[in-house]
Amino acid sequence: MAPVTRIDAIRYARHERPAAENFAAPVDDHDLPMPLDYFVWAIHREGEHPVIVDTGFGEQAAVARGRIITRPLIEGLRDAGIDHLSVEHVILTHLHYDHAGSLSTFPNATFHVQDAEMAFATGRQMCDHGVRGPFDGEPVAQLVRRLYADHVVFHDGDEDFAPGIRLALAQGHTAGLMVVVCDTARGPVVLASDAAHLYANITRAIPFPIFVDEADYAAAQDKVMTLAGGSLDHVIPGHDPLVLACFPCENDIARVDLAPHRPILEAL
Ligand SMILES: [Zn+2]
Ligand SMILES: [Zn+2]
């Protein structure tokens with residue numbers, strides 16, 4: 001049996017926007033709707049508590065940034081059979097508000113972060129208001145407090161996390177973004193987070209317009225595709241509504257350990 005028995009992509013929020021906002025270069029369909037979905041992921045293994053990837057954000061950030069919470073995360077986790085209070089490990093792919101904005105949802109968890117991401121989010125680059133825009137100070141401060149309470153574990157580059165779960169540094173969107181590679185019955189599944197907001201950021205080879213290093217961003221997507229065995233069906237982007245549309249899905253929870261209904265390339 002494969003080490004990872006189930007992966008839930010739990011959608012909790014949405015943002016309606018035109019395609020132009022999702023690409024750093026002009027696109028033909030610039031004024032057509034291309035909404036973003038917001039997810040937290042849960043990795044299940046036999047006999048283990050699920051490992052959660054990212055925390056999402058709460059109502060305050062949703063109001064401040066004009067995002068719509070489609071279902072509070074605690075309810076989404078409960079609908080996936082997960083008690084947020086029993087979660088022991090949360091992997092933070094990076095520290096943008098929509099990925100690390102709700103640490104308090106997991107009061108008993110240890111948080112896992114890349115060295116480079118913590119240094120980035122607490123260092124001089126946050127003096128640049130453009131770079132700082134997708135970060136919220138309070139959750140980053142909470143993470144520092146969790147560090148002082150012995151509830152943060154640092155990772156440096158590519159590392160084994162647990163049987164069937166590997167971490168891979170894929171910086172470029174931020175200085176220390178990591179993706180999570182899961183060994184499932186259908187092969188590797190790469191939780192790509194914001195290494196690719198949308199499948200189209202990969203297929204069009206145009207970055208989402210938030211990055212600290214464009215060459216690193218492109219290399220990160222190449223690395224994601226390599227880790228996924230060259231197949232988009234094995235890549236789970238951070239914000240693509242196609243995840244709910246293409247994978248077996250119930251109640252806004254997609255089973256991304258299972259194969260999509262049809263190849264992703266056909267759905268694009
Ligand atoms: Zn991000
Ligand atoms: Zn994001």
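**Entry 1: contacts and overall form**

I looked up contacts in the protein chain, counting two residues as in contact if their C-beta atoms, placed from the backbone, lie within 7 Å. Residues 24 or more positions apart account for 66% of the contacts with a separation of 6 or more. The model is predicted; local features need pLDDT of at least 70, side-chain atom pairs count only at pLDDT 80 or more, and totals for chains, interfaces and linings use all residues. Residues are numbered from 1 along each chain as its sequence is written, while chains are lettered from A and ligands numbered from 1 in the order in which they are written.

I found 10 helices and 14 strands in the protein chain; helices (H or I, at least four residues) and strands (E, at least two) are DSSP runs, numbered from the N terminus. The radius of gyration is 17 Å, close to the 18 Å from the globule rule for 268 residues, so the chain is as compact as a globular protein of that length. That radius is taken over C-alpha atoms, and the rule is 2.2 Å times the number of residues to the power 0.38. Along the principal axes, the C-alpha atoms fill a box of roughly 50 × 50 × 35 Å.

**Entry 2**

I next looked up burial: a residue is buried if 20 or more other C-beta atoms lie within 10 Å of its own, exposed if 12 or fewer, and partly exposed in between, with C-beta atoms placed from the backbone. Of the 268 residues, 47% are buried. Leaving aside residues up to four places away in sequence, I list among the contacts of Val190 the residues Val179, Val224, Leu227 and His234.

**Entry 3: strand 2**

I then followed strand 2 (residues 36–45), in which nine of the 10 residues are buried. I took two strands as paired if DSSP finds at least two bridges between them. Strand 2 runs antiparallel to strand 1 (residues 4–15), joined by 10 bridges, and Arg11 stands opposite Phe39. Strand 2 also pairs with strand 3 (residues 51–53) in the antiparallel sense, over three bridges; here Ile43 stands opposite Val51. Five residues separate strands 2 and 3 in a hairpin, and Gly47 in the turn has a positive phi of about 75 degrees.

**Entry 4: helix 6 and what follows**

Which residues of helix 6 are buried? I noted Pro139, Leu143 and Arg146. Seen down the helix axis, these buried residues fall within an arc of 60 degrees, so they line one face of helix 6; the arc is that of the directions from the helix axis to the C-beta atoms. They pack against helix 3, strand 6 and strand 7. The face turned away carries the exposed residues Gly137, Ala141, Arg145 and Tyr148.

Asp150 is found in the loop between helix 6 (137–148) and strand 7 (152–155). Its phi is near 65 degrees, a positive value in a residue other than glycine. I record Asp150 as exposed because 8 other C-beta atoms lie within 10 Å.

Asp252, in the loop between strand 13 (249–250) and strand 14 (253–255), has a positive phi of about 65 degrees although it is not a glycine. I record Asp252 as partly exposed because it has 18 C-beta neighbours inside 10 Å.
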